[in-house]
Amino acid sequence: MTTVEAFHGDVYDLTFGLGADHPPTAVALRKEFQRIILYQQSRQEDSALASILLRPWPTALSTARFTGDDGGVESVIDRVRRVYIKTASDRMVQPEQQEAMIRRWPPSKVMVMDTDHSPFFSAPELLFNLILKSL
């Protein structure tokens, strides 16, 4: 159970594209929780538009891995320079989850924004400046 579920109960709708006897194939955040979890610092009109455009995401994303043991050989994807921008007030991806992602696949730089999960709505200028600094 995530922290979001602990505070808000069951906040997701699951899709079973292969049938009810198989694991879910997609997950969607219920509409009534989208502003609370994703857009709490965003302007109301931005979160309203975002909620209309939000779609379910594949459950396979939760198990995706981008590195592997190649016998000490650097993989092609590990050659890509990565910057991680932490969102300090994120209610979707908790700070400890963000730290775990950073440890699993270390970026060259970590930057922090005191924003919700959607800084492209809640703090677009700050996000733009951080992206420019990361180049």
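Author: Leaving aside its neighbours within four places in sequence, Ser51 is in contact with Lys31, Gln34 and Tyr39, where contact means heavy atoms within 4.5 Å. With Gln34 there is also a polar contact from side chain to side chain, at 2.8 Å. A polar contact is a pair of N or O atoms within 3.5 Å; within protein, one must be able to donate a hydrogen and the other to accept it, and residues adjacent in sequence count only if both atoms are side-chain atoms.

A word on the source: this is a predicted model, in which local features need pLDDT of at least 70 and side-chain atom pairs count only at pLDDT 80 or more, while totals for chains, interfaces and linings use all residues. Residues are numbered from 1 along each chain as its sequence is written, and side-chain values use heavy atoms, with hydrogens and water left out.

Now, where does Ser51 sit? Its place is helix α3, residues 44–53. Helices (H or I, at least four residues) and strands (E, at least two) are DSSP runs, numbered from the N terminus. Ser51 counts as buried because its relative accessible area is 14%; buried means under 20%, exposed over 50%, and partly exposed in between, using a 1.4 Å probe and protein chains only.

Let us follow one of those contacts, Tyr39. The structure holds three aromatic pairs. Rings of Phe, Tyr and Trp (its six-membered ring) pair if their centres lie within 6.5 Å; planes under 30 degrees apart count as stacked, over 60 as edge-to-face and the rest as tilted.

One of the pairs joins Tyr12 and Trp57: the ring centres are 6.5 Å apart and the planes meet at 85°, so this pair is edge-to-face. It links distant parts of the chain, with Tyr12 in strand β1 (residues 12–15) and Trp57 in strand β3 (residues 57–58), 45 residues apart. Tyr39 and Phe121 also form an edge-to-face pair, 5.9 Å from centre to centre with 70° between the planes. Tyr39 lies in the loop between α2 (31–37) and α3, and Phe121 in helix α5 (residues 119–122), so the pair ties together parts that are 82 residues apart in sequence. Phe121 is partly exposed, at 26% relative accessibility. Together, Tyr39, Phe120 and Phe121 form one aromatic cluster.
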